[in-house]
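Open your viewer and get ready to click. This tour tells you what to select at each stop and what you will find there.

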Amino acid sequence: LGIAGALAATYIAAVLLSPAGGVEIVNALIRAGVFLAVAAVVSHLAGLLQASEGRYRSVFENSRAGIFLFKPDDGRVEEMNPQCAMMLGYPAGAVPPPDLGAFWPDHAGWGEASRGIADLDCAFLRRDGTRVPVLLSANPLPGRGVICAVVTETTEWKRVEACLRRSEETFRVILNTVDVGIVVTDPGRRIVEVNEAAVRLCGGAGREDLVGREPESLVAARDQAMVRAWRERVLREGTLAPVECRLCRLDGSEWPAEVSATLLEKDGDAPERLILVVRDITERRQAEEMIREENRHLSIINEVVAAATASRRLDDLLPASLAKTLALLGFDRGAAYLVQPGSDCAHLRACVGEECAPPASVRRDDPLYRYVFIDGEARFVDRFCEKYPKREDLSIRSFAAVPIPGDDGPVGCIAVASRDREVIAESERRILRAIGGELGSAVVEGMLHEDLEDALASANRYLAEANAATEEVNLYVDILTHDINNANTAAMGYLHMILESADEADGVVVRKSLAAVYQSNDIIR
């Protein structure tokens, strides 16, 4: 601007010193003013351009990203900022590489950069020969035939990406290794992810069979309202205790499951998710059912054994055991048969139930009982009338006979029958076998007790007969003793009378006679 003012003053002075008229002087002043105005505008624009160039230079020099300018036709590097040089391993003040091939050998088509490059994932070559991953964007500068490239080192980003990928792979392996089903919903309205266990539990062939479905479509109809209310509570309150329900496979079959849920709330761009963990509790339900059945089993046996052991007499023990067995297992009638050693028949000892009229005895080789009495095995007959049509007079549909074990084989059996049901369940068969086994010792003891009672009665009878015989013998002895003593007393009286008048020689004989009589008294006494 100062130079322009000096030039304008020189021009005006030259006009004033020349022989010019007033019009020329006015024109000169106008021209000088315009010249000064133009100079002022140019000076202002130059200042603005210089300030703008300073700002861009500051950005170029201080940018955290690497920036370099290059010619697209020959790949010659025009300029490179310090960050890019440091990224390539050049210290401050060192001369950067003169062309692209020195640090970007994998991309020879630099001419493509004239059309622009956006987020190109590539690698640069450091000064020491190592490779550094970068993300590159490039655009041509207008009117200069130069490409401006911006690069960002992605080493850390690659490392984080690898860690995330590894974590995702680890998570996926763990997810598909566990034996519980995991279902991710958004939240509870649509399935967005499942693991292999969930696909298997639901009867699918792959995750595509479940992804996109509504979770409620996998719940049995009778449990849908309960599961829906439980899910709404989870969305309001967070994690709740697991719930047990019945789920449906894709083929429509149902299975028992335990479902727990965890709510992942929305976090930034991460959407809200509901994580459902599904466990198949079929085996647990079966185990619980087995425990309940076993408890029922033990309870029935205990009650029957308690009824059996309340008395030692078979006439009380057997009817009580039969009545308790019929009441607990739901049979209509029952009978108990016992076998005496050496007998070919089993005799009826107890009978319980309405219209119960079993035979008084059965042969051990009877087809219905031979397995029990000879082989010692329980006999169960379903649909009795079909298998034994000649026994329709028994009017029963199912029959069971279990042996009562003894020391040397079965000592009897318990037989039960039903007029209504045709099949005896396996659990009831186990209970009947156990009842027969538990009654064995009590029945054997009862039979021994009866044998002892019979032996005692016989002994008492023989003792009474012996006592009567003894009393009769004693009577005879008393009579004989009395009569002999009377005879001895008379003999002793007569001998004493003779001894008083006898001489010496006769006295000796009399004394010997008295001694013999006294010896006879001693023997009798």
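**Stop 1: the whole protein**

Select everything and colour by pLDDT. This is a predicted model. The protein has an average pLDDT of 82. A score of at least 70 is reached by 88% of the residues.

Now select residues 2-17. This is helix α1, the element with the lowest mean pLDDT, at 66. Then select residues 243-248. Here is strand β8, where the mean pLDDT is the highest among the elements, at 92.

**Stop 2: helix α11**

Select residues 426-501. You now have helix α11, which contains 76 residues.

Where is the kink in α11 centred? Select G440. The kink is centred there, and its angle is about 40°.

**Stop 3**

Select residues 409-418. This is strand β16, and eight of its 10 residues are buried. The strand is therefore largely enclosed by the rest of the structure.

Look at P405: its bridge partner in β16 is P410. How many residues does the hairpin from β15 to β16 run through? Trace the chain from β15 into β16 and you pass through two residues.

Find L338 and then G412 in β16: they are bridge partners.

**Stop 4: residue D119**

Select residues 117-125 to show strand β3, then pick out D119 within it. D119 is not a glycine, yet its phi is positive, at about 50°. Is D119 buried or exposed? Its relative accessible area is 54%. Exposed means over 50%, so D119 counts as exposed.

**Stop 5: residue R383**

Select R383, in the loop between β14 (379-381) and α10 (384-387). R383 is another residue with a positive phi of about 50° that is not a glycine. Its relative accessibility is 38%. That value lies between the 20% and 50% cut-offs, so R383 is partly exposed.

Notes. Residues are numbered from 1 along each chain as its sequence is written. This is a predicted model: local features need pLDDT of at least 70, side-chain atom pairs count only at pLDDT 80 or more; totals for chains, interfaces and linings use all residues. Side-chain values use heavy atoms; hydrogens and water are left out. Helices (H or I, at least four residues) and strands (E, at least two) are DSSP runs, numbered from the N terminus. The expected span of a helix is 1.5 Å times one less than its number of residues. The bend at a residue is the angle between axes fitted to the seven residues ending there and the seven starting there. Buried means under 20% relative accessible area, exposed over 50%, partly exposed in between (1.4 Å probe, protein chains only). Two strands pair if DSSP finds at least two bridges between them. pLDDT is the predictor's confidence in each residue, from 0 to 100.
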